[in-house]
Amino acid sequence: MSSKGGRPERKKGQLEAVTRDYTINLHKRLHDIAFKKKAPRAVKEIVKFVRREMLTDDVRIDTRLNQFLWSNGVRNVPRKVRVRLSRRRNEDEESGKGKFYTLVQYIQVDSFRELQTENNTGNNQ
């Protein structure tokens, strides 16, 4: 069965390890945000996007992605960013944050034209 969005219905306990590539449009998410709050807000918006897409509360941002977001300073955040979201099993079970965490990594691309969400079946760790 598929739900309204075209995705198969999945109960919360049935998550599995998966890797997907997304393009996140930061420009529309940072509209009307004060200059000195743009880069910190970009990080928060990416975390919010990842929680919604991957259904995990524990989100870990890679240092290369953070450096890319801050590369032009606090005011001039890049308009779009290509990221790889990897939902992985949490080995540290006593942390209390759940069975899975999501690692968000930066993917460098030349152009954003005709890029779509991709499911990576290979185990890229």
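The count of aromatic pairs comes to two, where rings of Phe, Tyr and Trp (its six-membered ring) pair if their centres lie within 6.5 Å, and planes under 30 degrees apart count as stacked, over 60 as edge-to-face and the rest as tilted. This is a predicted model, in which local features need pLDDT of at least 70, side-chain atom pairs count only at pLDDT 80 or more, and totals for chains, interfaces and linings use all residues. Residues are numbered from 1 along each chain as its sequence is written, and side-chain values use heavy atoms, with hydrogens and water left out.

**First stop: the aromatic pairs**

Select Tyr22 and Phe49. Their rings form an edge-to-face pair, 5.3 Å centre to centre with 85 degrees between the planes. Tyr22 belongs to strand S1 (residues 18–25) and Phe49 to helix H2 (residues 38–54), so the pair ties together parts that are 27 residues apart in sequence. Helices (H or I, at least four residues) and strands (E, at least two) are DSSP runs, numbered from the N terminus. Tyr22 and Phe49 are both buried; buried means under 20% relative accessible area, exposed over 50%, and partly exposed in between (1.4 Å probe, protein chains only).

Next, select Phe68 and Tyr106. This aromatic pair is stacked, with 4.3 Å centre to centre and 20 degrees between the planes. The pair links distant parts of the chain, with Phe68 in helix H3 (residues 63–69) and Tyr106 in strand S4 (residues 100–107), 38 residues apart. From C-alpha to C-alpha, Phe68 and Tyr106 are 7.9 Å apart in space. Is Phe68 buried, exposed or partly exposed? Phe68 has a relative accessible area of 21% and is therefore partly exposed, whereas Tyr106, at 15%, is buried. Now display what surrounds Phe68: not counting residues up to four places away in sequence, Phe68 touches Pro78, Lys80, Val81 and Tyr106, contact meaning heavy atoms within 4.5 Å.

**Second stop: charges over rings**

Select Arg60 together with Tyr101. The charged end of Arg60 sits over the ring of Tyr101, 3.8 Å from the ring centre. A charge sits over a ring if NZ of Lys or CZ of Arg is within 6 Å of the ring centre and within 35 degrees of the ring normal. Then move to Arg75, whose charged end sits over the ring of Phe35, 4.0 Å from the centre of that ring.

Switch to a cartoon view and colour the strands. In what order do the five strands form the open sheet? The order is S2-S4-S3-S1-S5, and the pairing is mixed; two strands pair if DSSP finds at least two bridges between them. At the edges are strand S2 (59–61) and strand S5 (118–120), each of which pairs on one side only. From one strand to the next, the twist averages 25 degrees. S2 and S4 pair in the parallel sense over three bridges, and Arg60 stands opposite Leu103 in S4.

Axes are lines fitted to C-alpha atoms, for helices over the stretch in contact, and angles run from 0 to 180 degrees between N-to-C directions.

Select Leu26 and Ile46, the residues with the most contacts inside the largest nonpolar core, which has 24 residues. Such a core is a set of buried Ala, Val, Leu, Ile, Met, Phe, Trp, Tyr and Cys residues joined through side-chain atoms within 4.5 Å. S1, H2, H3, S3 and S4 are the elements that give two or more residues to this core. H2 gives the most, with eight residues. Leaving aside neighbours within four places in sequence, the contacts of Leu26 include Ala42, Ile46, Leu69 and Val77.

**Last stop: two loop residues**

Select Asp32, in the loop between helix H1 (26–29) and H2. Its phi is near 65 degrees, a positive value in a residue other than glycine. With a relative accessible area of 70%, Asp32 is exposed. Finally, select Glu114, in the loop between S4 and S5. Phi of Glu114 is near 60 degrees, again positive in a residue other than glycine, and at 81% relative accessibility Glu114 counts as exposed.
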